[in-house]
Amino acid sequence: MLTAIVLIDTDPNRIPEVAQAIADQPGVSEVYSVTGEVDLVAMVRVREHEELADVIADRLSKVEGVQRTQTYIAFRTYSQHDLESAFALGIED
């Protein structure tokens with residue numbers, strides 16, 4: 001499982017609509033409205049590296065109202081939650 005953290009600048013008048021449109025994209029597990037220098041943070045989780053371009057460059061960045069994205073790829077996860085098994089439920093290889 002690959003995880004990308006995507007920081008998103010949006011049209012300030014459309015934050016809720018943009019957040020929901022992003023959350024509806026396959027591969028996007030969560031979207032947070034946040035304080036600070038960006039408007040939204042999206043968590044993208046995919047199985048293959050090539051899928052990142054499909055989700056982020058081809059779909060997420062083209063959502064109406066998205067003005068700019070900045071993407072960070074996670075190397076390791078440090079958590080008390082087993083996200084890999086949570087996302088594997090019901091998925092067959």
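A: A salt bridge is a side-chain nitrogen of Lys or Arg within 4 Å of a carboxyl oxygen of Asp or Glu. Keep that cut-off in mind. The model is predicted. It holds two salt bridges.

Start with aspartate 9 and arginine 68. Their side chains meet in a salt bridge, at 3.4 Å from N to O. That value falls within the 4 Å limit. Aspartate 9 lies in strand 1, and arginine 68 lies in strand 4 (residues 66-73), so the pair ties together parts that are 59 residues apart in sequence. Aspartate 9 is buried, because its relative accessible area is 16% and buried means under 20%. Arginine 68 is partly exposed, at 44%.

Now the other pair. Arginine 45 forms a salt bridge with glutamate 30. Their closest N and O atoms are 2.7 Å apart. Arginine 45 lies in strand 3 and glutamate 30 in strand 2 (residues 28-33), so this pair ties together parts that are 15 residues apart in sequence. Arginine 45 counts as buried, with a relative accessibility of 12%. Glutamate 30 is partly exposed, with a relative accessible area of 26%. Why can such pairs form? Side chains of opposite charge can pair when their charged atoms come close.

Threonine 3 is found in strand 1 (residues 2-10). Leaving aside neighbours within four places in sequence, the contacts of threonine 3 include Met43, Val44 and Arg45. Tyr72, Ile73 and Ala74 are also in contact with threonine 3. Threonine 3 is buried, with a relative accessible area of 12%.

Next, the nonpolar surroundings. The largest nonpolar core has 18 residues. Those with the most contacts inside it are Ile8, Ile22, Val44 and Leu60. Strand 1, helix 1 (15-23), strand 3 (40-46) and helix 2 (49-57) each give two or more residues to this core. In soluble globular proteins, nonpolar side chains tend to be buried together.

Beyond its neighbours within four places in sequence, isoleucine 22 is in contact with residues including Ile8, Val28, Leu40 and Leu60.

Finally, helix 2. Its buried residues are Leu52, Val55 and Ile56. They cover an arc of only 85° around the axis, which puts them on the same side of helix 2. An α-helix has 3.6 residues a turn, so residues three or four places apart point the same way. The buried residues of helix 2 pack against strand 1, strand 2, strand 3 and strand 4.

Key
Residues numbered from 1 in each chain as written. Predicted model: local features only at pLDDT ≥ 70, side-chain atom pairs only at ≥ 80, totals over all residues. Heavy atoms only, no water. Helix = DSSP H or I, 4+ residues; strand = E, 2+ residues; numbered from the N terminus. Buried < 20%, exposed > 50% of the residue type's maximum accessible area, 1.4 Å probe, protein only. Contact = heavy atoms within 4.5 Å. Core = buried A, V, L, I, M, F, W, Y, C linked by side-chain atoms within 4.5 Å. Arc of directions from axis to C-beta.
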